[in-house]
Amino acid sequence: MALFGNAHSIDPAKAQQEYARLFGRGEQLRAAFLLIRDTLLFTDRRLILVDKQGITGKKVEYHSIPYKSISHFSVETAGHFDLDAELKIYISSSSTPMKTTFTKGVDIYEVQAILTEFVTG
């Protein structure tokens, strides 16, 4: 699955409340990013991709990726001319990475640190 567009961080407390029905007992949201209409949620247990579909966005698909399923990932920092940072996540069952770009305001090192903590932990 590939996600395209520019993501920016959103308030984790607000996202925790909005997506509370998705979380298991005791599961805590660590970070959240909005990608146009879609959302990336980093919990202490898994990565959740909220994929809003159709014109109205009423139909929603929720992808739950346990961190143990992530074989590796890469981050590409923003440059002088290319102002967006990129994240690629490789799932063990797929040869095609999930890709997303982050706006200048997102600390890609923070995203990388969150993944490192849970993928290698």
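Visitor: How much accessible surface does the protein have, and what share belongs to carbon and sulfur atoms?
Guide: The accessible surface is about 7,200 Å². Carbon and sulfur atoms hold 51% of it. Keep in mind that this is a predicted model.

Visitor: What makes the radius of gyration agree with a compact globule?
Guide: The protein has 121 residues, and a compact globule with that number would have a radius near 14 Å. The protein has 14 Å, so the value agrees. Its C-alpha atoms fill a box of roughly 40 × 35 × 30 Å along the principal axes.

Visitor: Which helices and strands build it, and in what pattern?
Guide: There are two helices and eight strands. Along the sequence they read β-α-β-β-β-β-β-β-β-α.

Visitor: How many aromatic pairs does a search of the whole structure find?
Guide: Two. In one of them, the ring centres of F33 and F42 lie 5.9 Å apart, with the planes at 90°.

Visitor: Why is the pair of F33 and F42 called edge-to-face?
Guide: Rings pair if their centres lie within 6.5 Å, and planes over 60 degrees apart count as edge-to-face. The centres are 5.9 Å apart and the planes stand at 90°, so F33 and F42 meet both conditions.

Visitor: Are F33 and F42 buried or exposed, and why?
Guide: Buried means under 20% relative accessible area. F33 has 2%, so F33 counts as buried. F42 has 0%, so F42 is buried too.

Visitor: What makes the other pair, Y67 and F118, stacked?
Guide: Planes under 30 degrees apart count as stacked. Y67 and F118 have 10° between the planes, and 4.9 Å from centre to centre. The pair links distant parts of the chain, 51 residues apart. Y67 sits in the loop between β5 and β6, while F118 belongs to helix α2.

Visitor: Why do Y67 and F118 count as buried?
Guide: The cut-off is under 20%. Y67 has a relative accessible area of 4%, so Y67 is buried. F118 has 16%, so F118 is buried as well.

Visitor: How do you know that strand β2 is mostly covered?
Guide: Count the residues: five of the seven in β2 (residues 29-35) are buried.

Visitor: What makes β2 and β3 paired strands?
Guide: Pairing needs at least two bridges. Six bridges join β2 to β3 (residues 38-43), and the strands run antiparallel. The bridge partner of F33 in β3 is L40.

Methods:
Residues numbered from 1 in each chain as written. Predicted model: local features only at pLDDT ≥ 70, side-chain atom pairs only at ≥ 80, totals over all residues. Heavy atoms only, no water. Phe/Tyr/Trp six-rings, centres within 6.5 Å; stacked < 30°, edge-to-face > 60°. Buried < 20%, exposed > 50% of the residue type's maximum accessible area, 1.4 Å probe, protein only. Helix = DSSP H or I, 4+ residues; strand = E, 2+ residues; numbered from the N terminus. Rg over C-alpha atoms; globule rule 2.2 N^0.38 Å. Areas by Shrake-Rupley, 256 points an atom, 1.4 Å probe, with all protein chains shown as cover.
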